[in-house]
Amino acid sequence: MGKTKSRARTIISKIFFLTLGAFIAAGAIGSFLAPNNIIDGGVIGISMITSYLTKHNLGLLVVIINFPFICLAFTKMGKKFVAQTFYAVTVFSLALNLFTNHTVTQDLLLATVFGGIILGIGVGLILKNDGSLDGTEILSLILSKKIGLSVGEFIMALNIFIYSGAGLVFGWERAMYSMLTYFIAYKVIDMVLEGLNSAKSVRIISDKSYEIGQALIEKLDLGVTYIYGQGGYTRIDKTIIYCIVSRLEMSNMKEIIREIDPRAFISIVDVHEAYGARLR
């Protein structure tokens, strides 16, 4: 019974965030980018150029152009991903019609920056909940190995083609604004997917590992784990301290380590997400 409730909550949560993400992305396209002839990459970009040239409904074109790519996803991504992607694309396409003729700004720089930010938030929410709005990413997963390109290289090559088309249709200034929008959206998507967590993963190698570890536990209330290793040159056994530290704790941690062992080796790596309780 508990598992059923948990699964139902998960499904409801995914539907909610897929819907929210689709509406946010549609608002970015319909109210900021499309009215100023600034396009996104991938299927949405192709749809925007096609809609401008043919005067067909943008939302309908997004569904039609995405459909064959969504069908291809069955072989790579599974039914769950396909269902969630189809739902997100459908809601996005319907929501586009709500934002048509509701232009927020005609300033190209404002439309580029805020359109990119809002689009990145919407697409990020969809990706974080196992959906997608862009069928070209699915195509890249299938074709990249066959043509000898990585997924990133394939998407980049396709977007160069799309933005070149935008330059011919809308003018090269609009194409450059479009590329800036894509860059901003890409960075915001990363922030949504990885979070704004400023935690650091720290590894400390010292001959006084246990003394340092105890000090970190007592003075900073950190969870510390000891990992056993061996020096590659000396072949001497080493005890490595592993812990997760917030940005605010970092300065105090370094000071504590320097007081105990000024020669201690410290490796610090960014951590985007950390789950669970601190181990003692």
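1. Asn36 touches Thr105, Gln106, Leu108, Ala111 and Arg174, leaving out residues up to four places away in sequence. The model is predicted. Asn36 sits in the loop that links helix H1 (2-33) and helix H2 (42-54).

2. Is Asn36 buried or exposed? Its relative accessibility is 4%, so Asn36 counts as buried. The cut-off for buried is under 20%.

3. Helix H4 covers residues 79-99, 21 residues in total. From first C-alpha to last, H4 reaches 30 Å, close to the 30 Å expected at 1.5 Å a residue. After H4 comes Asn101, with a positive phi near 70°.

4. Which residues of H4 are buried? They are Phe81, Val82, Gln84, Thr85, Ala88, Val89, Val91, Phe92, Ser93, Ala95 and Leu96. An α-helix has 3.6 residues a turn, so residues three or four places apart point the same way.

5. The largest nonpolar core holds 39 residues. Ile29, Ile39, Phe92, Leu119 and Leu133 have the most contacts inside it. At least two residues of this core come from each of H1, H2, helix H3 (58-76), H4, helix H5 (108-128), helix H7 (151-170) and helix H8 (172-194).

6. Take Leu119 from that core. Neighbours within four places in sequence aside, Leu119 is in contact with Ala25, Ala28, Ile29, Leu33, Asp40 and Ala185. Ile29 is also among the core residues with the most contacts.

7. Another core lies apart from the largest one. It has 17 residues, including Ala215, Met253, Ile256 and Ala264.

Methods: Residues are numbered from 1 along each chain as its sequence is written. This is a predicted model: local features need pLDDT of at least 70, side-chain atom pairs count only at pLDDT 80 or more; totals for chains, interfaces and linings use all residues. Side-chain values use heavy atoms; hydrogens and water are left out. Helices (H or I, at least four residues) and strands (E, at least two) are DSSP runs, numbered from the N terminus. Buried means under 20% relative accessible area, exposed over 50%, partly exposed in between (1.4 Å probe, protein chains only). Contact means heavy atoms within 4.5 Å. The expected span of a helix is 1.5 Å times one less than its number of residues. A nonpolar core is a set of buried Ala, Val, Leu, Ile, Met, Phe, Trp, Tyr and Cys residues joined through side-chain atoms within 4.5 Å.
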